[in-house]
Structure formats: C-alpha cells, structure tokens
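Trainee: Hi, could you walk me through this one? I'm new to it and would like to know what to look at.

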Amino acid sequence: PAITPLAKELIPNPLSIDFGSDNSYFMQKSVAPLKQIGKEVTEGITLTPAMSGKWVWQNDHRLVFTPAKDWPAGQTYKIHFDKKIFAANTKMANLDYSFATQAFQLSIADFKFYQDPVNPKLRAAVATINFNYSVDPSSFEDNAVLILQALKKDKLDLAAQHFKLTITYDEHKRTAYLHSEPLPLFQTERYLQLISGKNVQS
C-alpha cells in the first residue's frame with residue numbers, strides 16, 4: 001500500500017488485490033461469488049501478523065482490504081485464502097501471498113541558522129524533519145544530535161561540542177520541529193552538523 005497521505009485526518013490506503021494471469025500482461029479473471037460482490041468477507045482470509053480491518057469484494061476480480069488504522073512501517077505480511085471465498089470451480093494457482101509496507105524514512109526539509117530580529121545576541125539552529133510514517137518521539141529524541149562539525153582522523157568527531165535541542169511535533173508526529181539552545185558567536189567560521197541515528201523508529 002502507498003504511504004498514507006498527510007492530512008487533518010489520516011486515512012490509510014487500502015490493499016487491493018486484482019486476480020488475473022501471472023504473465024507479462026494482466027487479464028481480469030472473475031473469481032468472486034456473484035452474490036458476494038460489494039459485501040464484506042468475514043471468514044476464509046488469514047492475514048499474518050493480524051491487523052483489524054475489512055475485506056470486501058469490490059467487483060468480480062478485485063478484493064480490497066481497508067485497515068482500521070494506519071499501516072506500520074517496514075512490515076511484511078502473509079495472506080492465506082481459503083478456497084471457499086472464491087466462486088465454485090475457480091482454479092487458483094496459489095492461495096498464499098505476501099506483501100510489505102515501505103520502510104521508515106526521514107528527511108531534513110529545512111535546516112538553518114536563526115537570529116532573533118529584536119535581540120541579535122539570541123542565535124539558534126532550527127530544523128524541520130519530515131517522516132513518511134508517524135515517528136516514535138522517544139526514539140527520535142534519543143538519536144537526534146546537533147554538534148559542532150569537527151574532524152578527527154578524517155572522520156566526523158562525534159565527541160565534539162553538542163548543543164541541546166527542543167523538539168516539538170505536528171499532531172500526527174509526521175513532522176518534527178527542532179530548535180537548539182542559544183548558540184555562541186564563533187570567532188572563526190564553523191559548521192553545525194545535525195545527525196539522526198539509524199535507530200529512529202516509527
């Protein structure tokens with residue numbers, strides 16, 4: 001399923017399964033019991049790991065699952081179909097399928113130096129981070145680091161001076177807003193490095 005669009009209310013994208021040929025082209029294949037079209041399928045389908053939602057035959061060849069909540073990131077699912085959910089005499093090449101949701105990702109949308117227009121002595125670094133799934137705040141806050149860029153043996157020195165961050169989020173935790181503690185005025189040109197570790201999770 002595609003990433004849930006960011007909106008006031010998060011409405012997860014459904015999973016649509018079209019039954020057809022396995023060749024290089026797709027040929028619609030009528031597999032649904034005609035009396036079940038447009039109705040919910042309440043048994044005969046096993047989704048592992050389990051996730052609440054509704055299975056509905058949208059038409060004679062398309063089965064749609066609408067989850068009750070948003071899809072988790074980076075999860076592989078397995079689906080097993082019982083023969084009884086299909087029309088009589090339907091021959092299925094396979095009754096077991098699998099799919100995976102997209103991996104969790106973040107991107108820096110904005111990262112800049114801020115100077116208070118009223119009090120020029122107040123300087124800070126501000127940043128906006130976007131996530132494709134809702135982020136777990138504690139995992140992000142434990143891994144987000146703002147440091148003074150410095151090299152040690154041609155590598156970034158992670159022991160360089162750190163600056164505290166204040167972090168807030170939008171209502172869905174799909175965007176994080178970072179504001180550093182007041183920054184000193186450096187005597188020479190220096191760069192700040194914003195780092196988010198690999199352990200940030202949804």
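**A buried serine and its surroundings**

Mentor: Happy to. Let's start with Ser139, which is buried, at a relative accessible area of 9%. Keep in mind as we go that this is a predicted model.

Trainee: Why does Ser139 count as buried?

Mentor: Because its relative accessible area is 9%, and the cut-off for buried is under 20%.

Trainee: Okay, and which helix is Ser139 in?

Mentor: Ser139 belongs to helix H1, which covers residues 137-143.

Trainee: What does the side chain of Ser139 reach?

Mentor: The backbone nitrogen of Gln201, at 3.0 Å. If you set aside neighbours within four places in sequence, Ser139 is in contact with Asn199, Val200 and Gln201.

Trainee: Switching topic: how far can I trust the model? What does the chain average in pLDDT?

Mentor: The average is 89, and 91% of the residues score at least 70. Confidence is highest in strand S3 (residues 45-48), at a mean of 98, and lowest in strand S11 (residues 151-152), at 62. Where pLDDT is low, the predicted coordinates should not be read in detail.

Trainee: Good to know. Now the sheets: what is the strand order in the open sheet of 4 strands?

Mentor: The order is S1-S5-S4-S2, with antiparallel pairing. Strand S1 (15-18) and strand S2 (40-41) are the edge strands, each pairing on one side only.

Trainee: And how many bridges join S4 to S5?

Mentor: There are 5 bridges between strand S4 (residues 53-57) and strand S5 (residues 62-67), and the two run antiparallel. To find the pairing on screen, look for Gly53, which stands opposite Pro67 in S5.

Trainee: What about the open sheet of 3 strands, what's its order?

Mentor: That one goes S13-S10-S16, again with antiparallel pairing. Its edges are strand S13 (162-163) and strand S16 (192-196), and each of these pairs on one side only. Strand S10 (residues 144-148) is joined to S13 by 2 bridges, and Leu146 stands opposite Phe163 in S13.

Trainee: Let's go inside. Which residues in the largest nonpolar core touch the most other members?

Mentor: Trp55, Trp57, Leu63, Ile79 and Phe81, out of 21 residues in that core. S1, S3, S4, S5 and strand S6 (76-81) each supply at least two residues of this core, with S6 giving the most, 3 residues. As background, nonpolar side chains tend to be buried together in soluble globular proteins.

Trainee: Can you zoom in on Trp55? What does Trp55 touch?

Mentor: Not counting residues up to four places away in sequence, Trp55 touches a list that includes Leu15, Ile17, Val41, Ile45, Leu63 and Ile79. Lys39 and Glu40 are also among the residues Trp55 touches.

Trainee: Now the backbone. Where is the cis peptide bond?

Mentor: Go from Thr48 to Pro49: the bond there is cis, with omega near -5°. Pro49 sits in the loop between S3 and S4.

Trainee: And Asn89, what is its phi?

Mentor: Near 70°, a positive value in a residue other than glycine. Asn89 is in the loop between S6 and strand S7 (96-100).

Trainee: Is Asn89 buried or exposed?

Mentor: Asn89 is exposed, because its relative accessible area is 79% and the cut-off for exposed is over 50%. Lys173 is not a glycine either, and has a positive phi of about 55°. You'll find Lys173 in the loop between strand S14 (165-169) and strand S15 (175-180), where it counts as partly exposed at 32% relative accessibility.

Key
Residues are numbered from 1 along each chain as its sequence is written. This is a predicted model: local features need pLDDT of at least 70, side-chain atom pairs count only at pLDDT 80 or more; totals for chains, interfaces and linings use all residues. Side-chain values use heavy atoms; hydrogens and water are left out. Two strands pair if DSSP finds at least two bridges between them. pLDDT is the predictor's confidence in each residue, from 0 to 100. Buried means under 20% relative accessible area, exposed over 50%, partly exposed in between (1.4 Å probe, protein chains only). A polar contact is a pair of N or O atoms within 3.5 Å; within protein, one must be able to donate a hydrogen and the other to accept it, and residues adjacent in sequence count only if both atoms are side-chain atoms. Contact means heavy atoms within 4.5 Å. A nonpolar core is a set of buried Ala, Val, Leu, Ile, Met, Phe, Trp, Tyr and Cys residues joined through side-chain atoms within 4.5 Å.
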